[in-house]
Amino acid sequence: MSTWTRREDERLLSGRGRYVADIQVPGCLDAAFVRSRVAHGTLRDVDCAAARQVPGVVGAWSAADLHDLPPCAHATADLPDLPPMPHTVLANLSSDEAVAGREWPVLVKDRVRYPGEAVAVVLGEDRYRAEDGAAEVTVRIDPLPAVVTPEAALDDTVRLFEGLSNVALEGSTGQPVDESVWQHAAAVVEGRYRQALLLPTPMECRTLLAVPDGDRLTVWSGHQAPHRLRRELAAALGWPAERIRVVVPDTGGAFGSKSASFPEYVAVAFLAVRLGRPVRWIEDRLESMLVATRGRGQDQRVRLAADADGRLLAYELHIDADVGAYPHIGAGLPMQTAWMATGPYTTPRVHATLRSVLTNTMTTYPYRGPGRAEATMALERSMDTLADRLGIDPAELRRRNLIPPDRFPYETPTGRRYDSGNYAAALDLALESLGYDAWRAEQARRRADPHALPLGIGLSCYVERSGGEPGGLHEFGSLEVGEDGVITARCGAASSGQSHETVLPALVAASLGVDADRVRLVDGDTGEQADGVGSFASRTAQVSGALLSHLSALLADEARDRAAKLWDLPPETVRWSGGTVHGPHDGAPAMDLAALVRATGPLRVDDRFESAMAFPFGTHAAVAEVDPELGTVRVLRLVTVDDCGVVLDPAVVHAQAFGSAVQGLGQALYEGMCFDDDGVPVLTDGLLDYLLPTAAEVPPFVGRDTCTPSPATRLGAKGAGESGCIGTPAAVVNAVADALRPADRDVLQLPLTPERVWRAAR
Amino acid sequence: MKPPVFDYVAPRSVRETVDALGDPGRTAAVIAGGQSLLLEMHLWRRRPDLVVDVNRVAGLDGLGVDGGSLRVGALVRHAAFEAPQAVPGPLGTLFQQAVTNIAHPPIRARGTLVGSLAWAHPASEWCAVALALDADLTLRDSDGARQVPARDYFQGPHRTARRPRELITSVRFPLLSDDTGVAFIEHRRTHFCFATVAVSATLTVRDGVITGSRIGLVNASDRPVRALAAEQSLLGAEIADDLYHRAGRAAAEQDAAPVAEPFADPGYKRQAVAVLVGRALRRAAADQRSRAAGRTEGLR
């Protein structure tokens, strides 16, 4: 459509953004958590006595002594013992079976299961004092052997939960591939890929401020799904949800990591209610790195078969997923990888199997592109190995297998129904934007020159899923017109930096034919919007956008109905145009919205709108030069071609594509953590131990798009914003593999550190 | 990530500073740029009960040449060396090449060269430069001053010859002669992080023969390293390309004592030392040639 000036920018760029940590509430206490230094162990003793003597400390509690709290004067604060973490059964992505007997305590009761798990909480008059108190808490833990990879945890010699297997969930999609297919195929390639655990690393870490007021609680949190947070906190506290209001102020990024409640949130809300005082937890970077959710974490084994012409015959993917210490949504995420295993190809037989394995690491959770990034990496790396085996150009191999535009909607062997696509168009545009043939010529020149640095070209064709899963594809909202003619749009979305404030009002204004500055958005507030789903799975444009477009039509209908009654005309003769209702002919009465409201009373339309899944796609291409002596990778060019259907605001979509591509680059080259011998990740120096790409690492970048509208969604829009995390990593890895052509491509595991690349180049 | 309680003083003179540092009842820390100290305090890895802020101390910000050496005062920020003409001759080029590898501009605007020497991180660029060039540190306490040569100063990771009651007031670097070529090359994973390995190299050539070389290794041990075996392999030799390769191998195998780090085991670090020393020497030789050509140009 068009690019609008971002309403958020003036506030955010002039330092007037208001984040949870900026909210001043008199008498607010800061929480600091005492955390386990071991990955796995039996908790013997926690002594908070010394902490309580520290000046400025208001209280300190372990799980064992929380019942020692003086009774709270308030009747509503009569709560049971600390509730276990609520688990979310979101759209079949987790299951009760996985969670049963494996509840996540807010504070460790008897067994520590991941490093940094909270064993006590200290409240102080400010964070300094709370930390001074936390330093005085003594903790005795008898260490147990830690298992930090699926491989180590699978055999159940070390169990995280007595009497229960470490395998929390097993699943599969598609039909097993008959052995004869592999035997008779012209080429079968195999691969083993380790998808490292990643940190989502938003600029603002997690935040929660809980302010009790009588029998009510207001919670401020940088969050993606305030209604879910309200529901989960209410369940934890044993309250009806109506007594809790969750408000999301400015939020500094989320990338999937802020869509549920976490132990710290429950502890803070619980203590705020218990004490009848405002309490906040502002997670700092070191805490975040230690105990915020992880993304990815899959060990993959694949087989891919093709005939002599490179036509794909069968694909088999097995996943052993590291889902962390407690089964949560992350336990179901490998199913997303399985469902998306078919990718953009016409492969007739695809079978994916998985085991979600508990390990002594913080819980795995959605991280930008969850499930789909892993599916793309496994398939696209294998495609390059196959191209190499068959001696077919990697672009040509892909072209021969892409699902053609006339086959949509396309039912995949792994149970997905792709809505629309023109995959070859995206591939062609990527090749053209890259200058594919010229780079191949340069590669040939370098291969003939013993002094030239090796150069490789990597492609990655992807298809992903946006909007959510069945059961979570709806959103709630309303439009309300005031007597001043200002239109207020409300919905269940919550922005963590995606320009909702700009795009959604502009969308309503365009739908109604009024000026954008007449429309304002209220989102991220359960006090303003009773029901809501939230912003995740790239769903806001696709689902909330469709909802607001639908509400705009309802509003116009309602306005015409009222005008018809007012003027005593048949409703079908009243026209709606440019925010004004008109009678049937020239000279007939006309009335703008403000006047209509003044004449007929408050005007508001509310609804729940059901959208559908959509399947964005694209092709990413990278050129990489490798210094084989040092193992350094220099990305000379990165091209992303994405198709998210109808684009609402190109500037916003392109910025998301760029940002996610840089995150994808981080996934390929930099991001990863090492564990010490006791299973504790080495993160003591913060972001010096877990490297993110900086502005200086951003390669020459070209972002383009194609537009294949979705027939399944009201606006034709599909989700945007996760594309780079999904498509870019495999393009970069394939470029490095193409440069080095190692005999065993499996040595190139992520992140491609100089050491790994050097070993691959030897 | 909030520091424990500490006291703070901001003296105006060196005398007041060393008196504060000399208080036997206290654990004091000097803050200049604070780019390392503050982080360490936030992480509770250093817990001084007194922080002595020297930023208002008169006379510590001097940067100048006298008697054939460069004197760098305790308050001279990294950023001062970003222009090669800040320091005369090849030394200025070497400093300029080294300093651009230190973190990023905001850190270089606050952090100080002397602070880096005081902190003595194994991956510090300045520490290896100081060691390789035989820099001389001036340390002062309430009883007076003493000179400590860099070779006696570095004793391990974050361990030096500085006594807790001493303030490093300045450091002297000998200027480099015009027939010396220089190079500083750093290898790191992103522009944000510490060096995996870096190399500071000088090469002095007279009549086509190498008469001197000083090679400093960054993060090739638990402390800065002067690559004496590599230097030795070069002395008296006529300039030739395979020399540099050989010197690189000598540095990797005889001089370096790498410590394993995440994503860089000792074997890889030795490889990086070998490669970087070779490349740095090649670049220093090219620098030396272009300086010689420049002088010839000047004579005409």
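In strand S25 of chain A, A:Leu603 is the bridge partner of A:Val481. The structure is a predicted model, in which local features need pLDDT of at least 70 and side-chain atom pairs count only at pLDDT 80 or more, while totals for chains, interfaces and linings use all residues. Residues are numbered from 1 along each chain as its sequence is written, and chains are lettered from A and ligands numbered from 1 in the order in which they are written.

Strand S19 (residues 474-481) of chain A pairs with S25(A) in the antiparallel sense over 8 bridges; strands (E, at least two residues) and helices (H or I, at least four) are DSSP runs, numbered from the N terminus, and two strands pair if DSSP finds at least two bridges between them. An open sheet of 4 strands runs in the order S21-S20-S19-S25 (chain A), with mixed pairing. At its edges lie strand S21 (519-523) and strand S25 (603-610) of chain A, each pairing on one side only.

Turning to helices, H11 (residues 372-390) and H12 (residues 394-401) of chain A pack at about 110°, their axes 9 Å apart. Axes are lines fitted to C-alpha atoms, for helices over the stretch in contact, and angles run from 0 to 180 degrees between N-to-C directions. H11(A) is therefore roughly perpendicular to H12(A), a label covering 65 to 115 degrees. Here A:Met383, A:Asp384, A:Leu386 and A:Ala387 of H11(A) meet A:Pro394, A:Leu397 and A:Arg398 of H12(A).

Between the chains, 20 residues of chain B are in contact with 23 residues of chain A, contact being C-beta atoms, placed from the backbone, within 7 Å. Helix H10 (residues 266-299) of chain B gives the most to chain B's side, with 4 residues.

Key:
Contact = placed C-beta atoms within 7 Å. Parallel < 35°, antiparallel > 145°, perpendicular 65-115°, else oblique.
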